[in-house]
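Hi everyone, thanks for coming. Let's take a short walk through one structure together, starting with a pair of helices.

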Amino acid sequence: MNIRVFVTVLCLTVGFVNAQNSILGFTSENAKKQQQLESVFESKLNADNLDEWMQLMAAEPHWVGTEYGEKNAKWIQKQFKSWGYDTKIETYHVLFPYPKVRLLEMTAPTNYKAKLTAVPVDGDPFTAQGDALLPSYNAFSTDGDVEAELVFVNYGIPRDYEELDKLGIDVKGKIVIAKYQGSWRGIKPKLAAEKGAIGCIIYSDPSDDGYGRGDVYPKGAYKNETGVQRGSVMDMPTYPGDVLTPGYGATKDAKRLDRKDAPTITKIPVLPISYEDAEPLLAALGGPVAPQSWRGGLPITYHIGPGTAKVHLKLEFDWQLKPAHNVIATLKGSQFPDQWVMRGNHHDAWVHGANDPISGMVALMEEARAVGELAKKGNRPKRTLVYCAWDAEEPGLIGSTEWVEDHKKELQDKVVAYINTDGNGRGFLGAGGSHSLQAMVGEVAENVMDPQHGVSVKERRIAVDMVRGGTEDFEIYALGSGSDYTPFIQHAGIASLNLGFGGENGGGEYHTIYDTYPHYKRFKDPGFAYGIALANTAGRITLRLANADVLPFEFKQWHKTVTGYLDGIMKKTDQMRTDVEKHNSLVEKNRFELASDPTKAFVKPVKKESVPYLDFTPLQNQLIALKRTIETLSKIDLSNLTEERRSSLNKRLMLAEQVLTSEEGLPRRSWYKHQIYAPGFYTGYGVKTLPGVREAVEEKNWKEAEEQIDKLANTLKNFDKHLQEINAML
């Protein structure tokens, strides 16, 4: 069904309410005042400001350490000061590698030297800034000079290596070439190195990110044949931030690791290339024809190798400490100055960064300007607002991570929640975060109108989810990694959200020289209507958290979500056991492993290790106990609470997310403290929920799975105790 038609039908069925009679966390009287305040706030938002500011901030490349990056930071500081914020720049000194030597050449069966250069395009003068443009490379690749046979590994993720194993192809001592997409880029060299590869090349296949998706730039939005995606390959699932100062701020005089001892720098050299440079390399490969699902959009037969194709890869970097300038702007609360609501977006980019991150940055600034204007007219928020413009996000969430590590104790004492934004465009509201905030986000989304369709952004989100097979419930997704919320939620245990619009703003400009103001204005959000929608949504959330009588954390939806996570792990474990039992039965019966692929026939049958019966009852019992506690908590009548009790209640609600953390962190990566959400060890940005248990099961580490079940059960027990103490207090 057409999305627009479906939205209309949904509105007629469900109905649309322009104003809610009540707001989560507010008394009836204060709910009306808050609704009026938010209406005034919305009326002050001006799309022309977003347009003007993007032109200024994206006029020149501004990666970390550049003069223009510092200029932007000082300009942002000046704007916030003019709006009434107490504003400062906090600078950290972080390791950043700049490429000195980038050489990729095929030495057999023919010679080809990769161009490694994107071409300027007509109508976009920003793409013709020459030496000012950052060369295409992967930050935190190691230096290296290697030559070896080439092997195509599809997306370079775990299941692709399982396929290679079935085909008897080993990448040990080889250089691999992998497609972008399928996983976060840093997983590709990480896994390749674990498999014994000595180098890694990553390219964007046109079927995923080029003419297979639509017309290429400048005719259309998608990646042309010379475009290259830059990006970090730091091992962020181990820890993000400055590679030399794990767990503590990279201040000027901080003690630093020796670079050779930094565990998050890749173990092999890595280089991103265009599909123009990838085509001759892939065309020269021999070996088996790639499976159907591996084949891309280039006009060649995709082979896997190894064979006659041999490549030489040489990379050298200038490793220097660079200043990362975080802008911190504070508007002191009128009643609860020591309770902070934080907003953040990064300001650094790989090149011009019109979409990533400036589209989100200008929305944050317009939101802050309007809030500042309200404050000047007597509507100062009750709680302190802290707006942040982070530097060095692109190389590895560095600016925000160093700031959180440096201020961790104070943040854990004072921060109510952190709301993050990043790139933004036309389409549907995307919201992820702590599920204790899901109900509040849903209420806000019901009050924000979609600029194209005249319905709430909540209803439009539900409509598209239902078309895709989802439910009628408004749900937020769990946070893995990939932006500046990571250190807040997963290291400091602070409730967090990540917001943005998208889905109708496709293109191939990501991290290329083509992420410019002209590209954004043509293809992403031409009138900045969705920039205003983002400012409106994030601003209302910020104001509700700042002004609520009782902080709007709601745990029924949290409980339902976490219970679903556990059910998923239990079903997965049962399915793994069933699959192994079927396999072993088949091996025993036929002596040969049956396979649909003729190349696998008559493989010597091998029985698989059985899957034990894990005892999940400690987790099930704790969730049952939590349900009872949460039911009691949900019956609190705000009108009967004294100011003293509200204050005590809010302090305990602020600390609730921290109770879901463990000081020793996750196995083999102690920086990640949260026991409900974490980026996957082999997914990078992708989230793993109940990560300690889930990843142990997936890795078939049954002893660790039992240990993590007990650990998580204890975490849930502590959470139940924390909520019971709130009930007892009330």
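Let's begin near the end of the chain, where helix 20 (residues 691–698) and helix 21 (residues 702–729) have axes that come within 8 Å and cross at roughly 165°. The axes here are lines fitted to C-alpha atoms, for helices over the stretch in contact, and angles run from 0 to 180 degrees between N-to-C directions. Helices (H or I, at least four residues) and strands (E, at least two) are DSSP runs, numbered from the N terminus. Helix 20 and helix 21 are therefore roughly antiparallel; angles under 35 degrees count as roughly parallel, over 145 as roughly antiparallel, 65 to 115 as roughly perpendicular and the rest as oblique. Who makes the contact? On the helix 20 side we have Gly692, Val693, Ala696 and Val697, and helix 21 brings Trp702, Glu704, Ala705, Gln708, Ile709 and Leu712. Contact means heavy atoms within 4.5 Å. By class, that contact has seven nonpolar residues, two polar and one charged. For the classes, Ala, Val, Leu, Ile, Met, Phe, Trp, Tyr, Cys and Pro count as nonpolar, Asp, Glu, Lys and Arg as charged, and the others, Gly among them, as polar.

A word on where this comes from: it is a predicted model, local features need pLDDT of at least 70, side-chain atom pairs count only at pLDDT 80 or more, and totals for chains, interfaces and linings use all residues. Residues are numbered from 1 along each chain as its sequence is written, and side-chain values use heavy atoms, with hydrogens and water left out.

Now zoom out. The protein has 21 helices and 16 strands, and its C-alpha atoms fill a box of roughly 80 × 65 × 60 Å along the principal axes. Of its 730 residues, 60% are buried, meaning under 20% relative accessible area, with exposed over 50% and partly exposed in between (1.4 Å probe, protein chains only). Among contacts with a separation of 6 or more, 80% are between residues 24 or more positions apart.

While we're in helix 9, look at Val362. Is Val362 buried or exposed? Val362 is buried, with a relative accessible area of 0%. Beyond four places in sequence, Val362 touches Leu50, Trp53, Met54 and Met57. Thr629, in helix 18 (residues 617–633), is buried too, at 7% relative accessibility. Leaving aside neighbours within four places, Thr629 contacts Asp720, Leu723, Gln724 and Asn727.

Finally, some backbone details. Ala108 and Pro109 are joined by a cis peptide bond, with omega about 5°, and Pro109 sits in the loop between strand 1 (86–108) and strand 2 (112–113). The bond from Tyr217 to Pro218 is also cis, with omega near 15°. Phe140, which is not a glycine, has a positive phi near 70°, and is buried at 0% relative accessibility. Leu397 likewise has a positive phi, about 55°, and is buried at 2%.
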